[in-house]
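Here is a short report for a reader meeting this structure for the first time. Look over the sequence and the model before reading on.

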Amino acid sequence: MTMHKTVDVNVDAMIEDLRTLVEIESPSRDLDALMASAKAVAAVIESRLGRQAILVESEAGPHVHWSAGGDPKVLILGHHDTVFPLGTLERRPFTVEDGHATGPGVFDMLGGLVQAVHGLATLDDRSGVEILVTADEEVGSRSSRALIEERALACGAVLVLEGAADGGALKTGRKGCGTFQVSVAGRASHAGLEPAAGVNALIEASHQVLDIAALGRPDIGTTVTPTVASAGTLDNVVPAEATVIVDVRVETADEKERIESAFAALAPHLDEAKIAVQGAISRPPMPESASAELFAVAKQLLPDLEGKAVGGGSDGNFTAALGVPTLDGLGAVGGGAHADHEYLVIEVMAERANLVAGLVNAIRNT
């Protein structure tokens with residue numbers, strides 16, 4: 001199988017488009033920033049591919065949707081929101097040095113978007129291709145999930161342009177992930193004068209943390225990690241309230257069901273304490289079976305490619321759960337997602353852009 005292309009990818013042009021996107025900061029939930037970012041993403045798509053990109057308004061900010069027309073066959077999926085607050089760019093400007101591009105969002109996942117667009121630009125026929133770039137992936141995709149699922153079902157195959165796994169591997173499986181909040185209600189009293197008159201929410205929360213941590217089954221890929229806790233008001237008051245936030249990752253639907261049931265069944269240890277649980281495993285697992293077919297095609301195009309199952313979630317979890325063939329990690333090769341040392345490896349950009357083009361052609365020809 002050979003990659004069909006009519007023009008070579010221009011790495012300098014990719015870097016300039018990447019600079020344009022990185023220099024418009026786009027923290028999740030900042031609607032003004034996300035509007036500016038969406039307009040920039042749309043402009044890059046239109047300048048390289050022609051045809052208009054549509055901004056789809058949502059309460060989380062605008063999503064960008066582009067279609068080449070024709071019978072939909074493949075969805076290119078990404079997001080333009082980042083985890084970095086406004087002002088990060090001033091401290092960490094877009095820089096190209098020693099073969100790396102650095103700056104907020106280069107790896108997660110603006111580099112992948114740019115590579116996909118330039119890869120598609122090498123094709124003389126782009127019919128059947130859609131691009132969806134959402135505004136809320138980093139905060140749970142609540143406003144975009146229905147649109148993602150609709151377009152994935154319409155197209156029948158999904159290429160997710162999140163950053164590659166370590167060493168440039170594609171992401172062939174992902175854990176389901178979610179967040180739970182356990183709220184404890186006790187009763188305040190004076191810690192010195194009448195401590196027994198209170199119901200200590202901090203002690204109850206401590207019991208709950210141990211119960212919750214015991215739910216983990218790392219041997220089968222289930223991690224249950226209490227991450228944030230708060231309790232109390234003053235040093236001489238029995239705490240009346242406490243909260244515990246928990247990160248959960250699972251590899252199977254059975255484990256998703258077990259964990260959600262276990263959280264629902266949490267019970268107080270102290271008399272008169274009350275517990276309320278919010279949350280769910282909002283991203284279902286992406287089993288490796290969902291990517292097997294597309295990964296085999298990718299290996300034909302680049303035989304040295306490796307695939308890895310990873311712990312983090314993406315919007316590919318949603319599409320895989322629908323039974324739509326989904327391949328993830330096709331974006332930038334680099335590292336440091338969500339961290340100050342985030343970087344993209346420039347020398348691999350053209351190869352990854354051409355990989356997207358080759359996959360699109362292969363999918364349309366099956």
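**Confidence**

This is a predicted model. The protein chain has an average pLDDT of 96. A score of at least 70 is reached by 98% of the residues. Where pLDDT is low, predicted coordinates should not be read in detail.

Four strands form an open sheet in the order 4-5-16-15. Their pairing is antiparallel. Strands 4 and 15 stand at the edges. Each has a single partner strand, so one side of each lacks a neighbour in the sheet. Strand 4 is joined to strand 5 by 3 bridges. Across this pair, Val96 sits opposite Ala101 of strand 5.

Helix 4 packs on the sheet. The helix touches strand 5, strand 15 and strand 16. Its direction makes about 35 degrees with that of strand 16.

The strands span these residues:

| Strand 4 | residues 95-97 |

**A serine in helix 2**

Helix 2 covers residues 31-49 and contains Ser37. Is Ser37 buried or exposed? Ser37 is buried, because its relative accessible area is 4%, under the 20% cut-off. Leaving out residues up to four places away in sequence, Ser37 touches Ile24, Ser26 and His80.

Terms used:
Residues are numbered from 1 along each chain as its sequence is written. This is a predicted model: local features need pLDDT of at least 70, side-chain atom pairs count only at pLDDT 80 or more; totals for chains, interfaces and linings use all residues. Side-chain values use heavy atoms; hydrogens and water are left out. Two strands pair if DSSP finds at least two bridges between them. Helices (H or I, at least four residues) and strands (E, at least two) are DSSP runs, numbered from the N terminus. Contact means heavy atoms within 4.5 Å. Axes are lines fitted to C-alpha atoms, for helices over the stretch in contact, and angles run from 0 to 180 degrees between N-to-C directions. Buried means under 20% relative accessible area, exposed over 50%, partly exposed in between (1.4 Å probe, protein chains only). pLDDT is the predictor's confidence in each residue, from 0 to 100.
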